[in-house]
Amino acid sequence: MKRAVYPGSFDPVTYGHLDIIKRASTLVDELIVGVLVNPSKSPLFTLEERVDILRKVTADIPNVRVERFSGLLVNFVSEMGARIVVKGLRALSDFDIEFQMALMNRKLAESQETIFLMTSDKYAFLSSSMVKDIYRLGGKADCLVPPYVSERLQAKYANLQNQQQEEE
Ligand code: PNS
């Protein structure tokens with residue numbers, strides 16, 4: 001079985017990620033979306049929330065599985081019985097860091113290959129950080145995230161605002 005891993009923070013998943021997931025899923029038998037447990041970052045959504053959101057929005061793609069991972073990506077890839085890492089490339093600015101990571105991963109695990117999919121042009125400048133900014137400032141971006149993600153973002157910021165008001 002040909003398996004690939006698409007890793008990321010997915011805080012939260014956007015239409016840009018979903019575009020890569022859909023296209024990558026047509027190239028392999030099984031695509032595992034690896035959600036990073038990263039104690040050094042403080043994500044907006046907890047790991048459980050990010051996994052839950054991803055499972056909901058990929059439920060209609062039968063060969064996609066969502067799993068969490070911590071530690072080295074290359075270890076997770078081999079634990080999953082995969083040899084392929086899929087990455088999305090947006091603007092040129094992604095290239096430098098992705099190139100460094102792909103070369104480092106190759107040093108760590110020579111048998112694994114990183115494959116880059118070019119983003120669709122309409123998502124070239126889309127990032128989870130931008131989406132969060134829009135929702136944090138009271139906006140909505142239904143063209144950038146699925147309706148379920150939009151609802152979760154609105155609920156999350158409403159909760160955070162309530163908590164802040166209670167503390168004041
Ligand atoms: O969505 P992100 O935050 O840009 O994803 C980054 C990710 C998860 C792909 C990257 O941080 C990663 O691979 N982390 C795992 C740790 C690791 O293997 N580091 C060595 C690679 S150079």
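1. The buried residues of helix H5 pack against helix H1 (15–25) and helix H6 (147–167), where contact means heavy atoms within 4.5 Å, and buried means under 20% relative accessible area, exposed over 50%, and partly exposed in between, with a 1.4 Å probe and protein chains only. Helices (H or I, at least four residues) and strands (E, at least two) are DSSP runs, numbered from the N terminus.

2. This is a predicted model, in which local features need pLDDT of at least 70 and side-chain atom pairs count only at pLDDT 80 or more, while totals for chains, interfaces and linings use all residues. Residues are numbered from 1 along each chain as its sequence is written, and side-chain values use heavy atoms, with hydrogens and water left out.

3. In H5 (residues 128–136), the buried residues are Ser-128, Val-131, Lys-132 and Tyr-135. Seen down the axis of H5, these residues fall within an arc of 100 degrees, so they line one face of the helix; the arc is that of the directions from the helix axis to the C-beta atoms. After H5 comes Gly-138, whose phi is positive, near 90 degrees.

4. The largest nonpolar core has 35 residues, a nonpolar core being a set of buried Ala, Val, Leu, Ile, Met, Phe, Trp, Tyr and Cys residues joined through side-chain atoms within 4.5 Å. Strand E1 (3–8), H1, strand E2 (30–36), helix H2 (47–57), strand E3 (64–69), strand E4 (84–89), H5 and H6 each supply at least two residues of this core, and H2 gives the most, with five residues.
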